[in-house]
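Trainee: I have a new model on the screen. Please show me how to read it, one feature at a time.

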Amino acid sequence: MNGTVIEATGLAKHYGKAVAVAGIDLRIDAGEVIGLLGPNGAGKTTTILMLLGLTEVTRGTVRILGRDPLRQPLEVKRTVGYLPDAVGFYEQMTGRENLAYTARLAGLPGERARERIDAALAKVRLSDVADRRVSTYSRGMRQRLGIAELLMRDCRVAILDEPTSGLDPQSTQELLDLIQELSREGMTVLLSSHMLDVVQSVCHRVALFNKGRIGFFGTLDELAARIGGGAYLIDVEAENIDLGQVAAGAEGVKSVSGTGEGRWQVEAETDIRPRLARLIVEAGGSLRNLDLRRMRLDEAYNRYFREFSHEA
Amino acid sequence: MKREGSPLTGVAAIALKEAADHMTSARMHLIMLLVLLTAIGAVYGAIGRIRETTAEDPFLFLKLLTVAREPLPSFTSFLGFLLPLVAIALGFDAINGEFARRTMSRLLAQPIYRDAILFGKFLGGLLVIGIALLTLWLLMTGLGILFLGLPPSGGDVARGIAYLAATLAYAGVWLALAIAFSSFIRSPATSALAALSVWLVMTVFWGMIVPFVASVIAPLDPLDPMSVLAQFEAQQAVARLSPQTLYSEITAMLLDPAARSVGPLFLTQLQGAVIGAPLATADSLLIVWPQISGLVAAMILLFTIAYVVFQRQEVRA
């Protein structure tokens, strides 16, 4: 299960004069979980549709497991599962019937389809409600039913468009656990999301979309490095002191910014908590709290779009 | 660019699922109840009338479908009027309904071509209409046997089956129309309204528009007797643009073995003819063959329009 699963080169899509995707390159290896990030209208969904062959490309090529989605769409769609944004099911049919229908479309023979459906439903913990109409399902259950469909079809690649949008925290966590489980079993997962903490917890690499291009593609650490900030953030609480003056220019400190009365955020290249503590105490301040954490993805993301939106 | 794999993969699965959906939908139950009630009413009226008037007729069972007793119209005119309604009810949300339910992108991500979705939906609707028509026809025949006490003859059955096939083609025209509307109008309610207005124009208003159009195309000249014929022929040609006209001509020929022509007949053409003698079933069919071809052609044309529109549509709703 090694090697390149998805390869896109110079992919572009124009709608009339409007450019939705302006030429992107993407290379995804087997078993990876990739997050597609970016503001609305940045071209994430269009890219997904082009990867699946559901919309024609204006320029560029796509290969999924070595196949062209426009020339061999059936082969590609057999190996790639797609869970669209706000997935819909036939409301009047039960969850099991919905899966049975897609199994027939995929050409699975009846007996094997039944086994696979049962196994898939058990895995997403929908066995109890499998014979209830989908109209009674909550949003989280629908998303899990969508995942069950991918499991049932035994896809090697799963493309999930906004899988967690509109889900409550618990359903989100359940879905993320499922995605991680799929990835451990060797499935390549491509997911787009606005919820950055979601992407952070499951993705190996992220692609930042901006105005139809991929501005950045790599791991979170690489993203932090690329943005130029230190990878470490220290939240400081202290009294009787102006940390902005005291710590600015100290060794290892990249920047200091106030976040409230007596609170600062210090950006550093390494863990400089002892040095900070000493500086504060020596300057006569009383230290209340020092908290070290890595840069969260949403911070990196916001900073990226602040700094690079004029490029690209 | 050549694509691999058959575009018909999955057609059967989609057609059967659509048919099953229609069979269990409240919409279909309501409209079939309407059709059934009117059909039974019409045939019951016809039976009463046949008992009163006809002593001996070789094609008694066909009379069952065509004879009317005031104020009820005959079974065939009922069907000609209501069948489009059934077809529209089955097809008006075929494509845009999938978008509205947000199932379209998931459906297209299955290993099937788009072609299969449209074919499957059309075949599914046609299958349901076919089953309903067959049931209706058997029911009418059964009623006839019960009340008239006679079994249908071979000729009755042959003409009945030809009539059923033509009726299916007629329903297919309206189903294709409804599906075409559903593929280029995004809101199911609007596409239903659009299809219904075409139905109203074709079945109710077309008959009023036709003489007017014909008099413009071929004006009457009081000094030229042939201009009367020219206008009549123009009128017929314009009227035949409506599937309703084609269908009623087919019905008239197939269910009345004594009918000789759907157009104007001259006395000279009737020389030597035995008036009232039945034609062979094949001969009757031959006379309305152009009409049947016309219906099938209209169905294919409308389906092609739907097909082209749907194939070019963006998936993203």
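Mentor: Start with the nonpolar core. A nonpolar core is a set of buried Ala, Val, Leu, Ile, Met, Phe, Trp, Tyr and Cys residues joined through C-beta atoms within 7 Å. A residue is buried if 20 or more other C-beta atoms lie within 10 Å of its own, exposed if 12 or fewer, and partly exposed in between, with C-beta atoms placed from the backbone. Here the largest nonpolar core has 162 residues. Among those with the most contacts inside it are A:Ala148, A:Ile159, B:Ala87 and B:Val173.

Trainee: Which helix gives the largest share of this core?

Mentor: Helix α8 (residues 154-184) of chain B, with 15 residues. Helices (H or I, at least four residues) and strands (E, at least two) are DSSP runs, numbered from the N terminus.

Trainee: What is B:Ala87 in contact with?

Mentor: Contact means that the C-beta atoms of two residues, placed from the backbone, lie within 7 Å. Leave aside neighbours within four places in sequence: B:Ala87 then touches B:Ile129, B:Ala171, B:Trp174, B:Leu175 and B:Ala178.

Trainee: How should I treat the model and its numbering?

Mentor: This is a predicted model: local features need pLDDT of at least 70, side-chain atom pairs count only at pLDDT 80 or more, and totals for chains, interfaces and linings use all residues. Residues are numbered from 1 along each chain as its sequence is written, while chains are lettered from A and ligands numbered from 1 in the order in which they are written.

Trainee: How is chain A divided?

Mentor: Into domain 1 (4-219) and domain 2 (230-294), with bounds from an automatic or database domain assignment. Their centres, taken over C-alpha atoms, are 43 Å apart.

Trainee: Now a sheet. What is the order of the four strands in chain A?

Mentor: Pairing comes first: two strands pair if DSSP finds at least two bridges between them. The four strands form an open sheet, β11-β12-β10-β13 (chain A), with antiparallel pairing. β11 and β13 (286-294) of chain A are edge strands with a single partner each, so one side of each has no neighbour in the sheet. The twist averages 20° from one strand to the next. Axes are lines fitted to C-alpha atoms, for helices over the stretch in contact, and angles run from 0 to 180 degrees between N-to-C directions.

Trainee: How many bridges join β10 of chain A to β13(A)?

Mentor: Eight, and the strands run antiparallel. In β13(A), A:Arg293 is the bridge partner of A:Leu233. Helix α10 (residues 273-282) of chain A packs on the sheet, touching β10, β12 and β13 of chain A. The direction of α10 makes about 160° with that of β13(A).

Trainee: What about β11 and β12 of chain A?

Mentor: Six bridges join these antiparallel strands. A:Val253 stands opposite A:Ala268 in β12(A). Their hairpin has two residues between the strands, and A:Gly262 takes a positive phi near 70° there.

Trainee: Last, how many residues of chain B are in contact with chain A?

Mentor: 23 residues of chain B, against 24 residues of chain A. On the chain B side, α1 (11-24) and α6 (104-108) each supply at least two residues. The largest share, three residues, comes from α6(B).
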